[in-house]
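Hi,

Here is the structure I promised to pass on.

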Amino acid sequence: MGNGTRLGRVRGLGSAKSGTHHWLVQRVTAVANLMLLTWLIVSLVTGDVSSLESLQRWLSSPFAATPLALLVVSAFIHLRHGLTVLIEDYLHGEAGKLAALVLLQFFSWGGMVFALFCIARIALGAAPHVG
């Protein structure tokens with residue numbers, strides 16, 4: 001009982017039980033992105049970031065580096081989940097779909113790790129002085 005129609009049970013059709021997870025992750029990361037982007041814009045507008053040195057000083061504070069790192073993580077998770085759904089829905093060839101999903105994973109994880117590395121390098125004071 002409760003497993004759908006007889007034909008659906010025979011064919012193995014039914015819920016994959018992953019749609020709710022994608023929907024929830026998209027909504028949570030969208031709200032997080034909105035709040036963190038608002039913080040970033042307000043911080044940049046109200047703070048002294050007129051030069052590269054002042055921007056590096058600002059980012060070396062944990063009160064700036066931590067929310068910026070959270071923004072990077074949230075944005076890349078949002079990007080990955082959103083593009084995964086788009087690829088799964090609109091690419092019909094299995095080989096092309098698999099290739100696109102693998103490339104998406106590499107680029108989204110690689111971009112996130114690179115951005116976090118850059119933030120950590122500046123926040124910890126290891127960035128070279130430009131000027």
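**Val49 and the loop around it**

Val49 is partly exposed, at a relative accessible area of 25% (buried is under 20%, exposed is over 50% and partly exposed is in between, with a 1.4 Å probe and protein chains only). You'll find Val49 in the loop between H2 and H3. Leaving out residues up to four places away in sequence, Val49 touches Leu44, Ser54, Leu55 and Trp58, where contact means heavy atoms within 4.5 Å. Val49 and Leu59 are 10 residues apart in sequence, and their C-alpha atoms are 9.8 Å apart in space.

**Before you read on**

This is a predicted model, so local features need pLDDT of at least 70 and side-chain atom pairs count only at pLDDT 80 or more, while totals for chains, interfaces and linings use all residues. Residues are numbered from 1 along each chain as its sequence is written, and side-chain values use heavy atoms, with hydrogens and water left out.

**The overall picture**

The chain has five helices and zero strands, and the pattern along the sequence reads α-α-α-α-α. Helices here are DSSP runs (H or I, at least four residues), strands are runs of E of at least two, and both are numbered from the N terminus. Of the 131 residues in the chain, 26% are buried. The accessible surface comes to about 9400 Å², and 72% of that belongs to carbon and sulfur atoms (Shrake-Rupley method, 1.4 Å probe). If you take contacts between residues at least 6 apart in sequence, 69% of them join residues at least 24 apart.

**H4 against H5**

How do the axes of H4 and H5 cross? Helix H4 (residues 62–90) and helix H5 (residues 94–123) have axes that come within 10 Å and cross at roughly 175°. That makes the two helices roughly antiparallel. The axes are lines fitted to C-alpha atoms over the stretch in contact, with angles from 0 to 180 degrees between N-to-C directions; under 35 degrees counts as roughly parallel, over 145 as roughly antiparallel, 65 to 115 as roughly perpendicular and the rest as oblique.

By class, the contact of H4 with H5 has 18 nonpolar, four polar and three charged residues. Nonpolar covers Ala, Val, Leu, Ile, Met, Phe, Trp, Tyr, Cys and Pro, charged covers Asp, Glu, Lys and Arg, and the others, Gly among them, are polar.

Leu83 and Gln105 are 22 residues apart along the chain, with 10.0 Å between their C-alpha atoms. Val113 lies in H5 and counts as exposed, at 51% relative accessibility. From Val113 to Phe76 is 37 residues in sequence and 9.8 Å in space, C-alpha to C-alpha.

**Two residues in H2**

Leu36 is in helix H2 and is buried, with a relative accessible area of 16%. Not counting residues up to four places away in sequence, Leu36 touches Pro67, Leu70 and Leu71. The C-alpha atoms of Leu36 and Leu70 are separated by 7.8 Å, although the two residues are 34 apart along the chain.

His22 is also placed in H2, and is buried with a relative accessible area of 19%. With residues up to four places away in sequence set aside, His22 touches His81, Thr84 and Val85.

**H3 and the tryptophans**

Which residues of H3 are buried? They are Ser54, Gln56 and Leu59, and the buried residues of H3 pack against H4 and H5.

A search of the whole structure finds one aromatic pair. Trp39 and Trp58 make up that pair, stacked at 5.9 Å centre to centre with 25° between the planes. To pair, rings of Phe, Tyr and Trp (its six-membered ring) need centres within 6.5 Å; planes under 30 degrees apart are stacked, over 60 edge-to-face and the rest tilted. Trp39 lies in helix H2 (residues 19–46) and Trp58 in helix H3 (residues 52–59), so the pair ties together parts that are 19 residues apart in sequence. Trp39 itself counts as partly exposed, at 23% relative accessibility.

Cheers
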